[in-house]
Amino acid sequence: MHHFSWWRLAWTLLLYGSILAVVGVVVGAPLLVLLVGALALVLWHYWQLFLLVRWLWDGRQFTPPRGSGTWQFAFDGVYFLQRKNLKRRKELGRLLKRFREGTEALPDAVVVINEEREIVWCNKLATHILGVRWPDDNGQRIDNLLRRPEFVAYIKKQQFQEPLIIPSPAQPMASVEVRVIPYTANETLMVARDVTRLQQLEQMRRDFVANVSHELRTPLTVLRGYLEMIGDDPRLDAGPWGKPHKMMTDQVGRMYSLVEQLLALSRLEARGETETPRDVDVPALMHKLESDSQALNSDKQHSIRFDIDNLHMQGDSEQMTSAFANLVANAIHYTPSGGNIEVSWKKLPDGRARFSVTDTGDGIAPEHILRITERFYRVDKARSRNTGGSGLGLSIVKHVLSRHRSRLEIRSTLGKGSTFWFDIPKDLVSGHQSVING
């Protein structure tokens, strides 16, 4: 392909004009010859333009017609651009094909939605899980096809940090987990996964823990009662059974505490967010917790300081008592004797209320902090056995706080101590007191 040259075009025009001038001088009519030559040049250009337009609009061949002179450069340039665009379309087609093949191979239903919540595209699994028919439902609003009130509210709220679990519209007795992910500037990607089996296993686990805990509670209560009755016998200390009796009493008490915590955790998992929050007199709870902590602190002899604002909150008093007590008890148990513990309940500048427990214990390594709220997870198993830890306290705290729209935060430094805190939302806080910076 020859490249276009302005010099060549200028030379051609100059040569054509010179020939017309010579012919005009020879025939004795230079102006007439130039006029006829210019008209012929215009007609020739229009003819070449006609060939180009006819090929672009009505031509059935990919190759352009044979042009003349400088028009051949135009024909070749358009042909080159067409080949370039065709190659690009083929590449985009291959990419699109691979994308669709990839999404069809996913174990999840995938639906692309535009900013008007209309379906742009979906894979085949969306038909089986969500009941979306493709291409029949192309352009349909997703909230018109999935009419569950919780799904419609989820889409309207536009807060997709957490997934939503709804009954499957296409499969009776099945559950679907829906996640919405930003995709392009004007589109979002909705991914749905069948979580029926996971929910069944989770329910089986909850039922198992609850049933076993209930079954263990009765024999432990009997053992505990008889051990207490035997412990009242003054002859016990004089005989060889004093030490075994104390060991049995301690272990039965530890098992009973574990069963009680398992039952509390089962009750929390069975409930949703507190439906009818009531006034929680947090200062009163703190005063009771302060007196109870002295009994736990009798052996450790820590310096425990409570700094409490007159702030009430809306929620479940029993659950919040459990959360407060677990955090304070952990600080007492896992801080070496003679340490300092500070318990605070204060109002933040933005209206929230913060509860925090700071100790001077051994601290927690960063790799443990992310897992420390898991059930039965313990940083130091040997130390937990010595202190009677079950690994359930922080898990209970986590579930309680999730019911009150809060979460547990942990800051710890090895060898220097830890701080556990959580913030109660502004709309759940009542009362007025001094404000601290948080």
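This is a predicted model: local features need pLDDT of at least 70, side-chain atom pairs count only at pLDDT 80 or more; totals for chains, interfaces and linings use all residues.
Residues are numbered from 1 along each chain as its sequence is written, and side-chain values use heavy atoms, with hydrogens and water left out. The whole structure holds six aromatic pairs and 15 salt bridges. Helices (H or I, at least four residues) and strands (E, at least two) are DSSP runs, numbered from the N terminus. Buried means under 20% relative accessible area, exposed means over 50%, and partly exposed lies in between (1.4 Å probe, protein chains only).

**Aromatic pairs**

- Rings of Phe, Tyr and Trp (its six-membered ring) pair if their centres lie within 6.5 Å; planes under 30 degrees apart count as stacked, over 60 as edge-to-face and the rest as tilted.
- A search of the whole structure finds six such pairs.
- One of them joins Phe324 and Trp345 edge-to-face, at 6.1 Å centre to centre and 70° between the planes.
- This pair links distant parts of the chain, 21 residues apart: Phe324 is in helix α10 (residues 317-333) and Trp345 in strand β9 (residues 340-347).
- Phe324 counts as buried because its relative accessibility is 1%.
- Trp345 is also buried, at 0% relative accessible area.
- Phe355 and Phe422 form a tilted pair, because their ring centres are 5.4 Å apart and their planes stand at 40°.
- Phe355 lies in strand β10 (residues 353-359) and Phe422 in strand β12 (residues 417-424), so this pair ties together parts 67 residues apart in sequence.
- Phe355 is buried, with a relative accessible area of 0%.
- Phe422 counts as buried at 0% relative accessibility.
- One aromatic cluster takes in Phe324, Trp345, Phe355 and Phe422.

**Salt bridges**

- A salt bridge is a side-chain nitrogen of Lys or Arg within 4 Å of a carboxyl oxygen of Asp or Glu.
- Arg193 and Asp108 meet in one, at 2.9 Å from N to O.
- Arg193 lies in strand β5 (residues 187-194) and Asp108 in the loop between α3 and β1 (109-114), so the bridge ties together parts 85 residues apart in sequence.
- Arg193 is partly exposed, with a relative accessible area of 41%.
- Arg305 and Glu342 meet in another salt bridge, at 3.6 Å from N to O.
- Arg305 sits in strand β7 (residues 303-308) and Glu342 in strand β9, so parts 37 residues apart in sequence are tied together.
- Arg305 is partly exposed at 45% relative accessible area, and Glu342 is partly exposed at 42%.
- Asp423 bridges to Arg352, with the closest N and O atoms 3.2 Å apart.
- That pair links distant parts of the chain, 71 residues apart: Asp423 in strand β12 and Arg352 in the loop between β9 and β10.
- Asp423 is buried, with a relative accessible area of 14%, whereas Arg352 counts as partly exposed at 30% relative accessibility.
- A network of salt bridges links Asp350, Arg352, Arg354 and Asp423.

**Surface patches**

- Patches are made of residues with over 30% relative accessible area and no salt bridge; like charges are joined within 9 Å, nonpolar side chains (Val, Leu, Ile, Met, Phe, Trp, Tyr) within 5 Å.
- Arg83, Lys87, Lys90, Arg94 and Arg98 form a positive surface patch.
- Within that group, Arg94 is in helix α3 (residues 71-105).
- Arg94 counts as partly exposed, at 45% relative accessibility.
- A nonpolar surface patch is formed by Trp11, Leu14, Leu15, Ile19, Val22, Val23, Val26 and Val27, with about 820 Å² of accessible area together.
- Accessible areas come from the Shrake-Rupley method with a 1.4 Å probe.
- Val27 belongs to helix α1 (residues 6-27).
- Val27 counts as exposed, at 55% relative accessibility.

**A residue in helix α8**

- Met248 is found in helix α8 (residues 242-270).
- Met248 is partly exposed, with a relative accessible area of 43%.
- Met248 and Arg224 are 24 residues apart along the chain, and their C-alpha atoms are separated by 9.1 Å.

How values were computed: Lys and Arg count as positive and Asp and Glu as negative; His and the chain ends are not counted. The place of a charge is taken as NZ of Lys, CZ of Arg, CG of Asp or CD of Glu.
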